[in-house]
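Subject: Structure for you to look at

Hello,

Please read them with the model open beside you.

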Amino acid sequence: MRDYLEAVRSSALTRRTGRVTGISGNSIEASGPDATLGEVCEVVLPYPAAPLLAEVVGMRPGRVILMPYGDARGVGAGNEIVASGQPPGIAVGQALLGRVIDAFGLPLDGAPAPHTDSMRSLYAAPINPLSRPRIKDVLHTGVRAIDGLLPLGRGQRVGIFAGSGVGKSTLLGMLARDVQADVNVIALIGERGREVREFIESQLGPEGLRRSVVVVATSDQPALVRTRAAHAATAIAEYFREQGQQVLLMMDSITRFAMARREIGLAAGEPPTARGYTPSVFAELPALCERCGTIDTGGSITALYTVLVEGDDFNEPISDIVRATLDGHIMLSRDLAHEGHFPAIDVLQSSSRLASELASKQEREVMGAAVELLATYERNRQMVDMGAYRAGSNPALDRAIAAFPALRAVLRQPVQESSTRNDALDGLRRAIGTAA
C-alpha cells in the first residue's frame with residue numbers, strides 16, 4: 001500500500017497547458033502554459049510525430065516565448081503545449097568516460113546508452129568564494145611553451161585566443177593527450193560536423209578518448225542545443241570534481257556559445273548592444289566560467305576556453321569580457337602559423353596570472369630571462385631582417401640574436417611529441433646559455 005501512496009503523491013494530478021499562437025524564426029509564442037523561465041515543455045505535434053521539446057526563454061504579458069530543441073517545422077498555430085515541470089538536466093556517471101554524447105547525454109558513437117548514476121541540473125548554484133582553496137599545484141600540460149613560460153595551476157581558467165585556422169583544435173588535442181588530469185571533458189560547440197570525427201580520431205586519439213567525455217553540438221543544431229551542450233559539459237565536469245578527481249574542461253569555442261546565447265536573447269526580446277550581443281550574454285559568460293575551479297573536497301576543474309576572434313580583432317566584445325573574467329590568456333599568432341611554427345603561441349602576448357605563485361624563484365628567473373631575450377629580438381626584428389643592424393652595436397640585442405634560434409626550437413613542438421615541464425625549463429636554460 002505504501003508504494004501505491006508514494007506513486008500517487010509523486011504523480012502529476014493536473015496538466016499545465018497552453019496553445020501555440022505564433023512562430024517567428026526559431027521561437028514559438030504561446031498563450032500559456034503557466035511555466036517558469038528555463039522549464040522544459042512539450043509541443044504536441046499531429047499524430048504520429050513525437051512531441052517536440054522546447055524551453056521557456058522569455059515571457060511577455062499573456063504570452064510565453066519558447067525555443068525548440070529541434071526543427072520547428074511541423075509546428076502550427078493551436079498546437080498544444082504541455083509543461084513538464086522539469087528544469088533542464090543531464091545524466092551523469094562514470095560510464096560517460098570514453099563516450100561521445102550530444103547535449104542531452106544520448107550517445108553519438110554508436111554504442112548503447114551509458115548507464116548513469118544520477119541527474120544533475122545544467123545550472124549549478126554558485127560556489128561560495130571563501131570555500132575555494134587557493135591554487136597551488138602546477139598542471140603539467142605536455143606543451144613546452146605553456147609549461148615553460150605560461151605555467152597553469154589545477155583549477156585555473158584560461159582562454160585560448162585565435163582567429164580561424166590558426167591551430168586551436170590541434171593545441172586542444174595535444175593538451176587532451178598529454179595533460180596530467182584524471183578526466184577530460186571536451187565540449188565541441190558549434191563545430192563543423194566533419195571536424196568532430198577528425199578531432200576525435202586524429203587529435204585526441206584512442207588514449208586521450210579513454211579518459212575523456214566528449215559533448216558535441218554541431219553548427220547546424222539550434223542555438224538552444226548549443227548553449228545546452230556547454231552547460232551539460234560543465235555539469236559533467238562538476239560531477240567528476242565532486243568525486244575528488246582532477247578534471248580538465250576544454251570548450252571549443254566559447255565564442256560560438258556566446259553567439260548562440262545572443263540568438264536566444266534576441267528571440268526573447270532583449271535589446272542588442274555591442275555587435276548585437278544582448279545583455280544576458282555578458283551576464284552568462286562569467287556565470288559559466290565561475291563554475292570551474294577548486295572546491296574544498298580536493299577536486300578541481302581546470303578550464304580551457306577557446307575564443308574565436310572575429311577578424312583577428314583581440315579587442316572585440318567577447319574577447320574583452322572573457323579575458324577580463326579568466327585567470328590567463330594564451331594568444332595564437334597567425335604570423336607564427338604562417339611561418340610553420342606550431343603550436344603558434346605568442347608568449348609575449350600571453351599571460352598566466354598565477355605564474356608567479358606556481359613557479360619557484362629559480363624558475364621565474366629562467367622565465368624572465370627567456371621573455372626578455374624574445375622581447376628584445378621582436379622589438380628589433382625588422383631592423384635585423386633588413387640587415388640594417390651591425391653586430392656589436394647593442395650587446396643586449398647581440399645576446400637576443402644568438403639565443404633566438406634555440407628559444408624558437410624549444411617553443412616549437414610537433415603534434416605527436418610529448419614533453420615534461422622539466423624538459424621545457426631545461427631547454428630554456430640551454431637556450432639562454434647560448435646568449436652568454
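Helices (H or I, at least four residues) and strands (E, at least two) are DSSP runs that are numbered from the N terminus. Arg323 is found in one of these, helix α8, which covers residues 317-325. This is a predicted model, in which local features need pLDDT of at least 70 and side-chain atom pairs count only at pLDDT 80 or more, while totals for chains, interfaces and linings use all residues. Residues are numbered from 1 along each chain as its sequence is written, and side-chain values use heavy atoms, with hydrogens and water left out.

Arg323 lies over the face of Phe161, at 5.8 Å from the ring centre (a charge sits over a ring if NZ of Lys or CZ of Arg is within 6 Å of the ring centre and within 35 degrees of the ring normal). Arg323 has a relative accessible area of 16% and is therefore buried (buried means under 20% relative accessible area, exposed over 50%, and partly exposed in between, with a 1.4 Å probe and protein chains only).

The whole structure holds four aromatic pairs (ring centres of Phe, Tyr or Trp, the last by its six-membered ring, within 6.5 Å; planes under 30 degrees apart are stacked, over 60 edge-to-face, the rest tilted). Among them is the edge-to-face pair of Tyr277 and Phe282, at 6.3 Å centre to centre with 70° between the planes. Tyr277 counts as buried because its relative accessibility is 0%, whereas Phe282, at 24%, counts as partly exposed.

Best wishes
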